[in-house]
Amino acid sequence: MRGSQKKKLLFIFVSLCMLLLVGYEARPFNYKEMEGMISIAHRGASNLAPENTLASFQKALELGADFLECDVHLSKDGELVIMHDDKVDRTTNGSGYVKDYTLSELKKLDAGGKFHSSFAGEQVITLNELFDEFYGKAGLLIEIKKPAKYPGIEEKVVALLSEYKDLNGIIVQSFDIESMRKINKLLPELEVALLMKPSIQHLSSQKLSDLTSFATYINFNVSYVNKRVIEQIHNQGGKVLVWSTKNQAWIDKAYQYDVDGIITDFSIWPVEGSIQLVQD
Ligand code: G3P
Ligand code: CA
C-alpha cells in the first residue's frame, strides 16, 4: 500500500471515529435516573431462586422490585396455578402437563430442587397464594399462558381479582390479544397488557389505535423492539414494558429507548455505570 493510500485510510478511520463520538453522546445514568421506569421481576428473581416460587418472589421483593411477574395455567381441577411451561418437567421433579395434575398432586412436586438443592421442597403455588402473600407489597403482572387451551380461565382470573377493591398495580397480560380484549370487557378497570410476537416489527396506526383502545401496555422482548415502534405507542397514549433484560446491555437499550418498565431476571437491577449504546 502506497503512503498516500495509507494516509487516506487513516483520515477516513479518524473521521468515522469522530462522527461516532459526536453523533452518539453516551449518557451516564444512575439508579435515581432510572426511577421513571418500573422494575419487574421476571418469574420473580428467577436467576437467584427457582422461578415462579414463593422463594423467587420473596427475593425479588427484598431486592426492591416494583412488580412481580408470574405465569398462570389451569390445573386439572380448575385451580389457577403459577408455572411458566405447560409441562412440569423443566422446573419440578414431575413429568407431564399441568392440566393433567390436580392441585393437591402439584403440591406434592418439588419445584425448587432442580434449581439448587438448597431450594428443595419449594412448592408449586397458586395465584391465590401469590395474592395472599404479596398483594399490596408489590405490583403483580400476571401472564395468562395459552388461554385458548383453558376455556374459562379469564373468568377465573377476573373472579379472583374482583375480590380486591383496589386494582392499582395489578396488570394481566398475554400473547393472546382476544383473551385480553375479553378480560377488559369483564373488568374494565383492570389494566391489561399485550405481549407482541417477534414477527411484530411494525404496527399500523389503525392496528395500534385498536390495541391501545383496551390495552394500557404493549410489551416486547427487548431483543426485537425498536425505537420507532415505542414512539408510535407512546404517541397513541400507550406504555411499553420490555422483557428478557438479563444483562447490562439490554437494560441500557431499554433505558435509551425510553420504555416504561423492564421485566428482568433481576440479578443486576439496579445497577450503576455508564451506558453502552445498543443499536437496532
Ligand atoms: O413478561 C413477559 C415475558 O414473561 C413473556 O415471556 O416466556 O418469559 O413468559 P415468557
Ligand atoms: Ca411470562
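In the predicted model, an oxygen atom of ligand 1 lies 2.7 Å from an N or O atom in the side chain of His42. A side-chain N or O atom of Arg43 is 2.8 Å from an oxygen atom of ligand 1, and for the side chain of Asp71 the corresponding distance is 3.3 Å. Ligand 1 taken alone exposes 290 Å², of which the protein buries 90%. Besides His42, Arg43 and Asp71, the residues surrounding ligand 1 include Glu69, His84, Glu143, Lys145 and Gln173. Leu195, Trp243 and Ile263 also belong to this shell. By residue class, the shell around ligand 1 consists of five charged, three polar and three nonpolar residues.

Glu69, Asp71 and Glu143 from the surroundings of ligand 1 also coordinate the calcium ion (ligand 2). The donor atoms are OE of Glu69, OD of Asp71 and OE of Glu143, at 2.1 to 2.2 Å from the ion. Along the sequence, the donor residues of the calcium ion follow the spacing E-x1-D-x71-E. Both Glu69 and Asp71 are buried.

Confidence was examined along the chain. The mean pLDDT is 87, and 82% of the residues reach 70 or more. Over residues 270-280 the pLDDT is below 50, and the model gives this stretch 29 contacts beyond near neighbours in sequence. Residues 18-33 likewise stay under 50 in pLDDT, with 20 contacts beyond four places in sequence.

Key: Residues are numbered from 1 along each chain as its sequence is written. Chains are lettered from A and ligands numbered from 1 in the order in which they are written. This is a predicted model: local features need pLDDT of at least 70, side-chain atom pairs count only at pLDDT 80 or more; totals for chains, interfaces and linings use all residues. Side-chain values use heavy atoms; hydrogens and water are left out. Donors are N, O and S atoms within 2.8 Å of the metal (3.2 Å for Na, K and Ca); water is not among the atoms, so sites may look incomplete. Buried means under 20% relative accessible area, exposed over 50%, partly exposed in between (1.4 Å probe, protein chains only). A residue is near a molecule or strand if one of its heavy atoms lies within 4 Å of it. A polar contact is a pair of N or O atoms within 3.5 Å; within protein, one must be able to donate a hydrogen and the other to accept it, and residues adjacent in sequence count only if both atoms are side-chain atoms. Accessible areas come from the Shrake-Rupley method with a 1.4 Å probe; for residues, only the protein chains shown count as cover. Ala, Val, Leu, Ile, Met, Phe, Trp, Tyr, Cys and Pro count as nonpolar, Asp, Glu, Lys and Arg as charged, and the others, Gly among them, as polar. pLDDT is the predictor's confidence in each residue, from 0 to 100. Contact means heavy atoms within 4.5 Å.
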